[in-house]
Amino acid sequence: EIRIDQEDGDGPGDRTALPPCSASPSGHPGGPVVPSAGPVGLAAPIRRDGKAAGMLIVADPQVSRVWQTDERMFLQAAADLAAMALAEEALSRQCRSLRDCEIRYHLLADGTSDLVALHAADGTILFVSPSCRGMVGRPPESLIGSPLTAWAHPSDTWRLQDALRDIAAGGPPATLEHRLQR
């Protein structure tokens, strides 16, 4: 059997027996099991969001040994690097997914004759579809960064401001009826 000396960051930890493995004396699988008299492996947790997400284990079935403090610290540092690499990969996947969603959104928004716009909670225009050129008579770039109320007919501004305030406060979707200035 192989024993793993677990390092949890608080001290040497418990010694946990693992089932026998099929390691040969040369370290290759398939040979006879090499018995051990003491701890031969060292495990360090790979933490993600404060929880164990896995373990990094170093084991030598050939030698029974006691792991030194610097070896424990090195293994934990390696486990921390592994955790960072896993987190970076997860973030990279999320970024790719977000880019894919944005591409699909633009395919829909750019291909419709309806005016499609994305606004910040205060009504600032963040994105507007190219169809605004026909409705407002301006290119999308000229509207981005300005408040929606700047393009509303003055008689409709108060009603539009009230509706935007209600929606931004978490209200239900609402129909916005207003005229646009050219």
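Which residue takes a positive phi in the hairpin of β5 and β6?

1. Gly-123 does, with a phi near 95°, and five residues lie between the two strands of this hairpin. β5 and β6 pair in the antiparallel sense over three bridges, pairing being called where DSSP finds at least two bridges between strands. His-119 is placed opposite Ile-125 of β6. Strands (E, at least two residues) and helices (H or I, at least four) are DSSP runs, numbered from the N terminus.

2. The model is predicted: local features need pLDDT of at least 70 and side-chain atom pairs pLDDT 80 or more, while totals for chains, interfaces and linings use all residues. Numbering starts from 1 along each chain as its sequence is written, and side-chain values use heavy atoms, without hydrogens and water.

3. The chain has an average pLDDT (the predictor's confidence in each residue, from 0 to 100) of 77, and 78% of residues score at least 70.

4. Over residues 7-36 pLDDT stays under 50; the model has 62 contacts beyond four places in sequence for them, a contact being heavy atoms within 4.5 Å. Where pLDDT is low, predicted coordinates should not be read in detail.

5. The largest pocket (an open set of 1 Å grid points, where a 1.4 Å probe fits, with protein on both sides within 12 Å along at least five of seven lines; lining residues have an atom within 4 Å of a point) is lined by 14 residues. Of the lining residues, His-119 and His-178 are among those nearest its centre. β5, β6 and α2 (132-136) each supply at least two lining residues.
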